[in-house]
2 protein chains.
Amino acid sequence: MATITDVAKRAGVSPVTVSRVINNVANVMPETRARVLAAIHELGYVPNVAARSLRSKRMHSLALILPDITNSFWTTVARGVEDAAQARGYAVLLCNTDENLTKQAGYLRLVASQRVDGVIIAPCDADPAHVAPLRERAIPTVVIDRMVTDWEVDRVRGDSLSGAYALVRHLIGLGHVHIAMISGPCGTSTADERVNGYRLALAEAGLPIDERLIRRGEFRISSGEAMTRALFQEGLRPTAIFAANNALAMGVIDAAGGLGLRIPQDLALVCFDDLANGSRLFPFLTVAVQPAYEVGLKAAQLLLGRLEAGAADPPRELILPARMIVRYSCGIRLKEGSGPGLSLPLPVRVDEQSIPIPPVASPAPLAAPERR
Amino acid sequence: MATITDVAKRAGVSPVTVSRVINNVANVMPETRARVLAAIHELGYVPNVAARSLRSKRMHSLALILPDITNSFWTTVARGVEDAAQARGYAVLLCNTDENLTKQAGYLRLVASQRVDGVIIAPCDADPAHVAPLRERAIPTVVIDRMVTDWEVDRVRGDSLSGAYALVRHLIGLGHVHIAMISGPCGTSTADERVNGYRLALAEAGLPIDERLIRRGEFRISSGEAMTRALFQEGLRPTAIFAANNALAMGVIDAAGGLGLRIPQDLALVCFDDLANGSRLFPFLTVAVQPAYEVGLKAAQLLLGRLEAGAADPPRELILPARMIVRYSCGIRLKEGSGPGLSLPLPVRVDEQSIPIPPVASPAPLAAPERR
DNA sequence: AATGCAGATGAAAACGATACCATGACCTTG
DNA sequence: CAAGGTCATGGTATCGTTTTCATCTGCATT
């Protein structure tokens, strides 16, 4: 494979000049530049990033560390990151942690050894010790979706609190009083915040908060099924369930099947995060959606901006507003005559209504986050 | 950041010995090894892959080039690749082409410059010219899902022909005679093969093949909708549609909504590739599924095997069998009393039946592919 | 005419690891 | 006991770039 020296020989210049042409730095005579470009083209020369980054300390690559690319939320985030990176010629290393600290630690080591320029990470938990390698090595990082305690770092996330609040208010507005919430692990900030939004909405409506209706598990289908099953087995009979993410909602559906409950007739269901084809597939969940693609895009742009400008501004927090998509899983008919009635015939596709969610103030306010 | 020399000094050995310890090559005295390991640990040393691969010509990374990670089929493939790579300490570079040749070409350039050890690619089309950079530079490659004409290369793919054949036979068995097929671009082998399977099943059943019922477009929702709409607008009235992938099936659902057709009552629908939560979300599509995770896993294993063994065996083709998952989108009740009737009430979750698909012989047989 | 300066280019060193070959110590074998 | 082999280790060159500094040319300034 051709090297920079081959190109230099062919163009009758020194490797240094070729390097200058490639990187568009300093002044090179237009005529020389043309000769170099011609040589590059003729030889099919492509710079060797290993050599380049050994010398220049810039790898031109990012690592994206997230729980599981298989979840449509993360898929879309990844797509946003990838697009932003690609636009600036950066490569993206994909890392799935499965919410597993050991895997995460392994990837942090990999990331250090790859000497990636920056990292976008949705950490397994909020414990700063678990992301220590990033801080110790001062690797530019953007934390997405989650929070890490005591770490002043760039962050991009959706507005979980307001989204949860809006969903629960929606349920309350429909007359529900016994609303259960199933959420993810304590300590995972999104799970916590969604519970906060739930509490806030109930409190504001003057409804009692029954702690037995709040369940915490993991962000996975099986956990959602177990929690739902437990709720009903313990004799609590919520008329509506708020699932803190889409996987949990799928668990609710599984449990409902087993319990002989129909959605929406017997049980209303809302959740955070959309499904892949939410408006095409029944039960047409009513959801709060974070702008997943934008979370990825903005995170990557923020990171790349830092890398290229080298600016040492103070860390920023970007909270992207969520939207509520009202569909059918609470039994509402959106427009007279347009949507299906509650009983039959089966709809093929539901009309949906997308509503911006206004931010609500956090009960325990954060350090002046930036809204946009 | 600590270098190998720092470690060497601290352990009182030469960098060469440290290198040997890191790479587990040659014999190092246990006591020396321990000293080196201790030094590594104390300094938090992580090898610099750039330097390493500059010298050793091995990047320890793979590129995965596929149409769109957002499609659940590709998501799952990616997950398989990632898991296999991670297990052997390889990093995965993610590249989305959006079926766009320009983007694909850009990534091939990136891949060359990154000097990745190997590439797993689902090429946009079968034109060998479009993947020429891989061949010219002799980059070890595994082609997945698609085919490239005149290229003897390792391949891993699902059995499209048999899957399509099985689905159409299923429809025929239910009494359908007017079955339409909407597929992807001509020249994309999966799209072509699925059409072949369709023809084969009809021919075998002695049914006439109406060319107007076969439509070719792109593998995207909007294209599926347009083709379905066109079918009905032209006065053809198929009772069943076979969509060549999940995105096209979503397009059928969109079109059906507009046309006032219910699935399955008015129109049966089957497709290739599963949806993310196919058994939880109505219309519970009956599908042929390729083992997407396995496609990714096997492709990565095949590639890594080649890289590490350096074996120059002849290229292999792995055709993984598809399965049929019979659900509800053709209006069948699986078990008396277990599934829902055709009319109501709405099911929450459908029982499903997963059936292995026996391979069928290709009408134009391929070069002795390997089955497993 | 001497000086200064900017532009264009090149020579050599350096980045951090591994490949290759060399060396000395110790062991085996006929 | 000499010859040869194995083991543990080290010295040095090298991978392909970019960085740093030096050189040279030509032109404007004084």
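User: Where in chain A is A:Pro264 found?
Analyst: This is a predicted model: local features need pLDDT of at least 70, side-chain atom pairs count only at pLDDT 80 or more, and totals for chains, interfaces and linings use all residues. Residues are numbered from 1 along each chain as its sequence is written, with chains lettered from A and ligands numbered from 1 in the order in which they are written. Helices (H or I, at least four residues) and strands (E, at least two) are DSSP runs, numbered from the N terminus. A:Pro264 sits in the loop between helix H11 (246-259) and strand E9 (268-272).

User: Is the peptide bond from A:Ile263 to A:Pro264 cis or trans?
Analyst: Look at omega. For A:Ile263 to A:Pro264, omega is near 10°, and the bond is cis.

User: Is A:Arg115 buried or exposed?
Analyst: A:Arg115 lies in the loop between H6 and strand E3 (118-121). A residue is buried if 20 or more other C-beta atoms, placed from the backbone, lie within 10 Å of its own, exposed if 12 or fewer, and partly exposed in between. A:Arg115 has 21 C-beta neighbours inside 10 Å, so it counts as buried.

User: What is phi of A:Asp98?
Analyst: A:Asp98 is in the loop between strand E2 (91-96) and helix H6 (101-114). With 14 other C-beta atoms within 10 Å, A:Asp98 is partly exposed. Its phi is positive, in a residue other than glycine: near 55°.
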